[in-house]
Amino acid sequence: MKAYSDDLREKVLKALQSGQVAKEVAPRFDVGISWVYKIKKRFHDTGSYKALPRSGRPRKLNEEDVNTISEMVKINPSLTLNEIKEKGNFATSCTTIHRALKRLGHTYKKKHFLRQNRTALM
């Protein structure tokens with residue numbers, strides 16, 4: 001879930017400072033009452049209404065790496081994960097490359113073999 005924009009946070013705080021209560025402000029801006037209380041408390045305690053940085057580990061593959069993988073697969077769709085890893089000199093696991101391909105929307109199927117028509121067999 002993405003954080004609310006700073007613009008929305010500022011509008012909510014202005015509404016609270018103008019004398020409105022949280023129960024009026026929350027439905028007006030389509031946010032939860034508890035969030036209004038939290039943003040009010042954060043502004044009171046720290047003087048800032050900005051969103052806190054998201055936690056988590058950075059991705060092993062940056063955008064340039066993901067674009068490289070995408071181009072490699074577009075050129076040769078039958079590459080295996082090991083071949084992508086070796087040709088791209090990526091220091092990640094094949095699972096990481098697989099997840100990047102999945103996020104890009106690539107499927108598992110490699111080569112498409114067409115079946116012969118039944119009429120051609122008769």
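Lysine 41 forms a salt bridge with aspartate 45, and their closest N and O atoms are 2.7 Å apart in this predicted model. The two residues are four apart in helix H3, so about one helical turn separates them. Lysine 41 is exposed, with a relative accessible area of 52%, while aspartate 45 counts as partly exposed at 48%.

The count of salt bridges comes to four. Three of them are listed here.

| Lysine | Aspartate | Closest N and O atoms |
|---|---|---|
| Lysine 41 | Aspartate 45 | 2.7 Å |
| Lysine 11 | Aspartate 7 | 3.4 Å |
| Lysine 50 | Aspartate 6 | 3.4 Å |

Lysine 11 and aspartate 7 both belong to helix H1, where they lie four residues apart, about one turn of the helix. Lysine 11 is partly exposed at 42% relative accessibility, and aspartate 7 is partly exposed at 44%. Lysine 50 lies in the loop between H3 and H4 and aspartate 6 in helix H1, so this pair ties together parts that are 44 residues apart in sequence. Lysine 50 is partly exposed at 42% relative accessibility; aspartate 6 is also partly exposed, at 31%.

A search of the whole structure finds one aromatic pair. The ring centres of tyrosine 4 and tryptophan 35 are 4.6 Å apart and the ring planes stand at 70°, so the arrangement is edge-to-face. Because tyrosine 4 lies in the segment before helix H1 (6–17) and tryptophan 35 in helix H3 (residues 33–46), the pair ties together parts that are 31 residues apart in sequence. Tyrosine 4 is partly exposed, with a relative accessible area of 29%, whereas tryptophan 35 is buried, at 15%.

Trp35 also belongs to the largest nonpolar core, which has 14 residues; Val12, Leu16, Val25, Phe29, Val31, Trp35 and Val36 touch the most other members. H1, helix H2 (22–29) and H3 each supply at least two residues of this core, and H1 gives the most, with five residues. Phenylalanine 29 touches Leu8, Lys11, Val12 and Ala15, not counting residues up to four places away in sequence.

A second, separate core of eleven residues includes Ile69, Leu79, Phe90 and Ala100. Ala100 is also among the buried residues of helix H6 (residues 94–104), which are Thr96, Ile97, Ala100 and Leu101. These cover an arc of only 140° around the axis, which puts them on the same side of H6. Their cover includes helix H4 (63–75) and helix H5 (81–88). After H6 comes glycine 105, whose phi is positive, near 95°.

Definitions and conventions. Residues are numbered from 1 along each chain as its sequence is written. This is a predicted model: local features need pLDDT of at least 70, side-chain atom pairs count only at pLDDT 80 or more; totals for chains, interfaces and linings use all residues. Side-chain values use heavy atoms; hydrogens and water are left out. Rings of Phe, Tyr and Trp (its six-membered ring) pair if their centres lie within 6.5 Å; planes under 30 degrees apart count as stacked, over 60 as edge-to-face and the rest as tilted. Buried means under 20% relative accessible area, exposed over 50%, partly exposed in between (1.4 Å probe, protein chains only). The arc is that of the directions from the helix axis to the C-beta atoms. Contact means heavy atoms within 4.5 Å. A nonpolar core is a set of buried Ala, Val, Leu, Ile, Met, Phe, Trp, Tyr and Cys residues joined through side-chain atoms within 4.5 Å. A salt bridge is a side-chain nitrogen of Lys or Arg within 4 Å of a carboxyl oxygen of Asp or Glu.
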